[in-house]
Amino acid sequence: MAETAPPTPFGLIPYLTIPSRGGQAAVEFYRAAFGAEELFRNLADDGERLMHSRLTINGSLIFLSDEFPEYGQTPDIKPEGVALHLQVDDADEWWNRALVAGGIPVMPLADQFWGDRYGRLMDPFGHCWSIGAPIKG
(Lines give C-alpha, C1' and ligand atoms only; values in the text may rest on other atoms or scores of the structure.)
Protein backbone atom coordinates (compact mmCIF):
# COMPACT_ATOMS: atom_id res chain seq x y z
CA MET A 1 0.00 0.00 0.00
CA ALA A 2 1.32 3.46 -0.88
CA GLU A 3 2.61 5.76 1.90
CA THR A 4 1.12 8.80 0.17
CA ALA A 5 -1.89 8.89 -2.07
CA PRO A 6 -1.02 8.57 -5.74
CA PRO A 7 -2.35 11.35 -7.98
CA THR A 8 -6.06 11.04 -8.59
CA PRO A 9 -6.82 10.35 -12.26
CA PHE A 10 -9.41 12.38 -14.12
CA GLY A 11 -12.81 10.77 -14.41
CA LEU A 12 -15.81 9.79 -12.35
CA ILE A 13 -14.90 7.98 -9.12
CA PRO A 14 -17.60 6.86 -6.68
CA TYR A 15 -16.84 8.02 -3.12
CA LEU A 16 -18.76 6.07 -0.47
CA THR A 17 -19.45 7.37 3.02
CA ILE A 18 -19.64 4.50 5.47
CA PRO A 19 -21.87 5.03 8.53
CA SER A 20 -21.19 4.19 12.17
CA ARG A 21 -17.38 3.94 12.02
CA GLY A 22 -17.59 1.01 9.64
CA GLY A 23 -14.97 2.17 7.11
CA GLN A 24 -12.27 -0.33 7.96
CA ALA A 25 -14.83 -3.16 8.04
CA ALA A 26 -16.14 -1.98 4.65
CA VAL A 27 -12.67 -2.30 3.12
CA GLU A 28 -12.49 -5.88 4.41
CA PHE A 29 -15.98 -6.64 3.07
CA TYR A 30 -15.11 -5.26 -0.38
CA ARG A 31 -11.94 -7.36 -0.40
CA ALA A 32 -13.86 -10.52 0.41
CA ALA A 33 -16.95 -9.78 -1.71
CA PHE A 34 -15.48 -8.10 -4.78
CA GLY A 35 -11.74 -8.84 -4.70
CA ALA A 36 -10.93 -5.20 -3.91
CA GLU A 37 -7.31 -4.15 -3.65
CA GLU A 38 -6.57 -1.29 -1.28
CA LEU A 39 -4.05 1.12 -2.77
CA PHE A 40 -3.99 3.74 -0.02
CA ARG A 41 -5.36 4.21 3.51
CA ASN A 42 -5.35 7.23 5.78
CA LEU A 43 -6.74 7.10 9.32
CA ALA A 44 -8.10 10.13 11.17
CA ASP A 45 -6.23 11.57 14.14
CA ASP A 46 -8.32 9.39 16.47
CA GLY A 47 -6.60 6.33 14.94
CA GLU A 48 -9.92 4.56 14.39
CA ARG A 49 -11.97 6.31 11.74
CA LEU A 50 -11.04 5.87 8.13
CA MET A 51 -10.32 9.30 6.65
CA HIS A 52 -9.75 7.95 3.14
CA SER A 53 -9.28 4.63 1.39
CA ARG A 54 -8.56 4.15 -2.29
CA LEU A 55 -9.59 0.78 -3.72
CA THR A 56 -9.68 -0.87 -7.09
CA ILE A 57 -12.54 -3.24 -7.82
CA ASN A 58 -12.63 -5.07 -11.14
CA GLY A 59 -10.22 -2.54 -12.65
CA SER A 60 -12.05 0.59 -11.43
CA LEU A 61 -11.28 3.05 -8.66
CA ILE A 62 -13.59 3.60 -5.71
CA PHE A 63 -12.94 5.80 -2.69
CA LEU A 64 -14.50 5.53 0.75
CA SER A 65 -14.33 7.00 4.22
CA ASP A 66 -16.13 6.92 7.52
CA GLU A 67 -18.67 9.65 8.13
CA PHE A 68 -17.33 12.81 9.76
CA PRO A 69 -20.17 14.88 11.31
CA GLU A 70 -17.64 17.51 12.41
CA TYR A 71 -17.04 18.25 8.71
CA GLY A 72 -20.71 18.61 7.87
CA GLN A 73 -21.60 15.02 7.03
CA THR A 74 -24.93 13.81 8.39
CA PRO A 75 -24.53 11.16 11.11
CA ASP A 76 -25.48 7.64 10.11
CA ILE A 77 -25.99 8.42 6.43
CA LYS A 78 -28.44 6.06 4.76
CA PRO A 79 -27.40 5.74 1.11
CA GLU A 80 -30.36 5.67 -1.26
CA GLY A 81 -31.01 6.19 -4.93
CA VAL A 82 -27.70 4.91 -6.30
CA ALA A 83 -26.49 1.45 -7.26
CA LEU A 84 -22.88 0.62 -8.01
CA HIS A 85 -22.82 -1.70 -11.01
CA LEU A 86 -20.17 -4.38 -11.57
CA GLN A 87 -20.05 -5.75 -15.09
CA VAL A 88 -18.05 -8.95 -14.73
CA ASP A 89 -16.99 -12.09 -16.54
CA ASP A 90 -18.99 -14.54 -14.39
CA ALA A 91 -21.99 -13.12 -12.54
CA ASP A 92 -22.59 -16.30 -10.53
CA GLU A 93 -19.03 -16.36 -9.18
CA TRP A 94 -19.10 -12.67 -8.16
CA TRP A 95 -22.64 -12.98 -6.75
CA ASN A 96 -21.87 -16.05 -4.65
CA ARG A 97 -18.64 -14.54 -3.30
CA ALA A 98 -20.53 -11.37 -2.28
CA LEU A 99 -23.24 -13.39 -0.50
CA VAL A 100 -20.67 -15.46 1.40
CA ALA A 101 -18.99 -12.21 2.50
CA GLY A 102 -22.30 -10.88 3.89
CA GLY A 103 -24.13 -9.25 0.98
CA ILE A 104 -27.93 -9.27 1.22
CA PRO A 105 -29.90 -10.13 -1.95
CA VAL A 106 -32.33 -7.42 -3.08
CA MET A 107 -33.10 -8.72 -6.58
CA PRO A 108 -32.15 -12.35 -7.16
CA LEU A 109 -29.48 -13.11 -9.73
CA ALA A 110 -31.25 -14.34 -12.88
CA ASP A 111 -31.13 -14.27 -16.66
CA GLN A 112 -32.70 -11.00 -17.81
CA PHE A 113 -34.52 -10.08 -21.03
CA TRP A 114 -31.74 -7.68 -22.12
CA GLY A 115 -29.19 -10.49 -22.32
CA ASP A 116 -27.36 -10.26 -18.98
CA ARG A 117 -27.40 -12.44 -15.94
CA TYR A 118 -28.11 -9.74 -13.36
CA GLY A 119 -28.95 -9.26 -9.70
CA ARG A 120 -28.80 -6.63 -6.96
CA LEU A 121 -27.56 -6.89 -3.41
CA MET A 122 -27.07 -4.62 -0.43
CA ASP A 123 -23.73 -4.52 1.33
CA PRO A 124 -23.66 -4.50 5.17
CA PHE A 125 -23.16 -0.69 5.08
CA GLY A 126 -26.32 0.13 3.13
CA HIS A 127 -24.87 0.53 -0.36
CA CYS A 128 -26.65 -1.19 -3.27
CA TRP A 129 -24.56 -3.13 -5.81
CA SER A 130 -25.69 -4.72 -9.04
CA ILE A 131 -23.78 -7.52 -10.69
CA GLY A 132 -24.14 -8.40 -14.34
CA ALA A 133 -22.51 -10.51 -17.03
CA PRO A 134 -23.59 -11.69 -20.46
CA ILE A 135 -25.74 -14.82 -20.30
CA LYS A 136 -23.56 -17.80 -21.11
CA GLY A 137 -24.86 -19.56 -24.13
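**Exercise 1. Strand β4 and its partners**

Which residue stands opposite Phe63 in β4? Work this out on the predicted model, then describe how β4 pairs with β1 and β3.

Solution. 
- Step 1. Arg54 is the residue opposite Phe63 in β4.
- Step 2. The pairing of β3 with β4 is antiparallel and has five bridges.
- Step 3. β4 is largely enclosed by the rest of the structure, because five of its seven residues are buried.

**Exercise 2. Ser65, a polar residue in a strand**

Find the element that holds Ser65, and decide whether Ser65 is buried or exposed.

Solution. 
- Step 1. Ser65 belongs to strand β4.
- Step 2. The relative accessibility of Ser65 is 5%. The cut-off for buried is under 20%, so Ser65 counts as buried.
- Step 3. List the contacts, leaving aside neighbours within four places in sequence: Ser65 touches Tyr15, Leu16, Thr17, Ile18, Leu50, Met51 and His52.

**Exercise 3. The largest nonpolar core**

Name the residues that touch the most other members of the largest nonpolar core, and find which element gives the most to this core.

Solution. 
- Step 1. The core has 27 residues, and those touching the most other members are Leu16, Tyr30, Phe34, Ile57, Leu64, Trp129 and Ile131.
- Step 2. Two or more residues come from each of β1 (15-18), α1 (23-34), β3 (50-57), β4 (60-66), β5 (83-87), α2 (91-101) and β8 (128-134).
- Step 3. With six residues, α1 gives the most.
- Step 4. Nonpolar side chains tend to be buried together in soluble globular proteins.
- Step 5. Take Tyr30 as an example. Beyond its neighbours within four places in sequence, its contacts include Leu16, Ile57, Leu64 and Trp129.
- Step 6. Take Ile57 next, a residue of strand β3. Ile57 counts as buried because its relative accessibility is 4%.
- Step 7. With neighbours within four places in sequence left aside, Ile57 is in contact with Tyr30, Phe34, Ala36, Ile62, Leu86, Trp94 and Trp129.

**Exercise 4. Strand β8**

How many bridges join β7 to β8, and how many join β5 to β8?

Solution. 
- Step 1. β7 (residues 116-122) is joined to β8 by seven bridges, and the two run antiparallel. Trp129 in β8 has Leu121 opposite.
- Step 2. The hairpin formed by β7 and β8 has five residues between the strands, and Gly126 in the turn has a positive phi of about 95°.
- Step 3. β5 and β8 run parallel and are joined by five bridges. His85 is placed opposite Ser130 in β8.
- Step 4. Six of the seven residues of β8 are buried, leaving this strand mostly covered.

**Exercise 5. Positive phi in a loop**

Where is Ser20 found, and is Ser20 buried or exposed?

Solution. 
- Step 1. Ser20 is in the loop between β1 and α1. Arg21 lies in the loop between β1 and α1 too.
- Step 2. Most residues other than glycine have a negative phi.
- Step 3. Ser20 has a positive phi, near 55°. Arg21, not a glycine either, has a positive phi of about 55°.
- Step 4. The relative accessible area of Ser20 is 51%, so Ser20 is exposed.

Methods
Residues are numbered from 1 along each chain as its sequence is written. This is a predicted model: local features need pLDDT of at least 70, side-chain atom pairs count only at pLDDT 80 or more; totals for chains, interfaces and linings use all residues. Side-chain values use heavy atoms; hydrogens and water are left out. A nonpolar core is a set of buried Ala, Val, Leu, Ile, Met, Phe, Trp, Tyr and Cys residues joined through side-chain atoms within 4.5 Å. Buried means under 20% relative accessible area, exposed over 50%, partly exposed in between (1.4 Å probe, protein chains only). Helices (H or I, at least four residues) and strands (E, at least two) are DSSP runs, numbered from the N terminus. Contact means heavy atoms within 4.5 Å. Two strands pair if DSSP finds at least two bridges between them.
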